[in-house]
Structures are given as structure tokens and as C-alpha cells.
Amino acid sequence: MIEEFYEVLRRRRDVRAEFTGEPIDDEVLTRVLEAAHSAPSVGLTQPWDFVLVESTRTRTAFRDHVLTEREVFAASLPPERRETFAPIKIEGILSSSLGVVVTYDESRGAPDVLGRHAIADAGLYSVCLAIQNLWLAATAEGLGVGWVSFYREEFLRDLLGIPAGVRPVAWLCLGPVSRLQDIPDLERHGWRRRRPLSAATHRERFRTPPSRSEREEASR
């Protein structure tokens, strides 16, 4: 049982190109959403909502907006990075079964949110925990998830009629997949390499990595 849990963690991928478009069984979708809704939240506020988007018209409008933002990002890159970025697919909005838009309502439980008085973003962190629960549950169910981040919040708020003060945190593409890649897309395409755990682990105090000159001096 424990090994199966860790296997789900290792198999999880940010899916773009592998969606089949097949429908999601209603019971499976409910289990996945229940997993997300079971996430811990600051002050038990559960500040999230889930907007399920199946309309092709709505998804096409969002896809077109995302591709425009992709062009904006590509134009900001130096030539070599732009060339590396060119083949990377950033979304599966129309090929997935549906979109799940996860929102954050800062006013839920306010003004006396237990645990948020010193860390204003604790509610936003709670929403991210719900997203992680959804992602892991979907992976365990044999579904793929792709987090789309190339969008302007104002556009998505207007598109879905999200009230002012409610923040759209993520558009998640969700659905059955043909496979999950063994190696994450950005690593396969050479965009970035993973950091080893040893580089991210500190004991007692934060350890600042040595500068380039310090590394060169140490190697002499």
C-alpha cells in the first residue's frame, strides 16, 4: 500500500499531448473532486471552488487566449531559448475531456480566519493543496492532469463569470490519457533539469550556494 502511494507520486505528470478526449466516468470524477475537497485548509475555510468546463466554445476561446500569451512569452526569450521552447506544447485544453478551474475566495471565513493573521497567503496555499490532492487522485484513477498557466486572470474571470474578489488560480485539463511520459516534458525537451534532493535540503539554517568564483577557487 505504501509503495503504491509513492508510485502515484512518481508517475504524476503535467500532461499536454496525451489526452484521448474520452469521457470521464461520473463516479470517478466525483471521487477526484472529493479528494480535492478533502484537502487541509487554513482555519477550515475551504476557500476553493471548482468550475467544470465542457463547452467547446468556452474552451476554444480560452485556448485562443492561451496561445496568444504563448506568443508573448516566446517573443520575450533570447533566440536560443526561443528555439528550445518552440516544440514544447503548453496546453491540452481541447483534447482533454474537460477543464477544471480552481478558484480562491479570500473572503471565505473572513475576517476571523484562524491561522491567517500572520501569513496572508495561507488561504492560497490551501487551494494549492486541493489542486495537489486532485492531481494525485486523478493519477491514481488513470487520468491525466495538465495545469495551464499561460493566461491573464482578468480574461478567465470574465470568460467564466467569476465574481470580483474570487481569484482563478488554475485551469486544469483533465481526462483519460494514452500514457504518462516517463520523463517530464520540460526535461525531455531540454528546457530545464531537475535539482537533486541534496541541493534542496538544508540543515538548521539556509545554506547559500557558493558563487561561481567561489566554486572556481575551491577547484584550484
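These are my notebook entries on a predicted model of one protein chain.

**Entry 1. Overall layout**

I began with the secondary structure and found nine helices and four strands in the protein chain. Read from the N terminus, the elements run α-α-β-α-α-β-α-β-α-β-α-α-α. I then looked up the extent of the C-alpha trace, which spans about 60 × 45 × 40 Å along its principal axes. The chain has 220 residues, and 39% of them count as buried. For the accessible surface I noted about 13,700 Å², with 52% of that belonging to carbon and sulfur atoms. I also checked contacts with a separation of 6 or more: residues 24 or more positions apart account for 81% of them.

**Entry 2. The record**

I looked for an annotated domain. UniProt, in an unreviewed entry, lists residues 9-175 as "domain: Nitroreductase". In the model, the end C-alpha atoms of residues 9-175 lie 18 Å apart. I put down the make-up of this span as 41% helix and 18% strand.

**Entry 3. The N-terminal helix**

Next I went to helix H1, which covers residues 2-11 and holds Phe5. Phe5 has a relative accessible area of 44%, so I list Phe5 as partly exposed. With Ile2, Tyr6 and Leu9, Phe5 forms a nonpolar patch on the surface. The accessible area of these four residues together is about 410 Å². I also found a network of salt bridges that links Glu3, Glu7 and Arg10.

**Entry 4. Strands E3 and E4**

Is strand E3 enclosed or open? I found five of the six residues of E3 (residues 143-148) buried, so the strand is largely enclosed by the rest of the structure. E3 is joined by six bridges to strand E4 (residues 166-176), and the two run antiparallel. I followed one of these pairings: Trp147 has Leu172 in E4 as its bridge partner.

**Entry 5. His65 and helix H3**

I looked up His65 and found it in helix H3, residues 56-75. The relative accessible area of His65 is 12%, so I count this residue as buried. Which residues does His65 contact, leaving aside neighbours within four places in sequence? They are Phe150, Tyr151, Arg152 and Phe155.

Arg152 came up again when I turned to Glu69, as the two side chains meet in a salt bridge (3.1 Å, N to O). Glu69 lies in H3 and Arg152 in the loop between E3 and helix H6 (153-160), so the pair ties together parts that are 83 residues apart in sequence. I compared the cover on the two partners: Glu69 is buried at 14% relative accessible area, whereas Arg152 is partly exposed at 45%.

**Entry 6. Other salt bridges**

A search of the whole structure gave me 12 salt bridges. One of them is between Arg31 and Glu141, whose closest N and O atoms are 2.7 Å apart. This pair links distant parts of the chain: Arg31 is in helix H2 (residues 26-37) and Glu141 is in the loop between helix H5 (122-140) and E3, 110 residues apart. Arg31 is partly exposed, with a relative accessible area of 40%. Glu141 also counts as partly exposed, at 29%.

I then checked Arg167 and Glu153, whose side chains meet in a salt bridge (2.9 Å, N to O). Arg167 lies in strand E4 and Glu153 in helix H6, so here the parts tied together are 14 residues apart in sequence. Arg167 is partly exposed at 36% relative accessible area, and Glu153 is partly exposed at 24%.

**Entry 7. Backbone details**

Most residues other than glycine have a negative phi, and most peptide bonds are trans.

Where is Leu44, and is it buried or exposed? Leu44 lies in the loop between H2 and strand E1 (48-53). It is exposed, with a relative accessible area of 70%. I noted its phi as near 50 degrees, a positive value.

Glu204 also has a positive phi, near 70 degrees. I found Glu204 in the loop between helix H8 (197-200) and helix H9 (212-218). Glu204 has a relative accessible area of 84%, so I count it as exposed.

Last, I checked a peptide bond. The bond from Ala110 to Pro111 is cis, with omega near 5 degrees. Pro111 sits in the loop between strand E2 (98-105) and H5.

Key
Residues are numbered from 1 along each chain as its sequence is written. This is a predicted model: local features need pLDDT of at least 70, side-chain atom pairs count only at pLDDT 80 or more; totals for chains, interfaces and linings use all residues. Side-chain values use heavy atoms; hydrogens and water are left out. Patches are made of residues with over 30% relative accessible area and no salt bridge: like charges are joined within 9 Å, nonpolar side chains (Val, Leu, Ile, Met, Phe, Trp, Tyr) within 5 Å. Accessible areas come from the Shrake-Rupley method with a 1.4 Å probe; for residues, only the protein chains shown count as cover. Buried means under 20% relative accessible area, exposed over 50%, partly exposed in between (1.4 Å probe, protein chains only). UniProt positions are given in the numbering used here, feature names are shortened, and annotations may be inferred rather than shown by experiment. Contact means heavy atoms within 4.5 Å. Two strands pair if DSSP finds at least two bridges between them.
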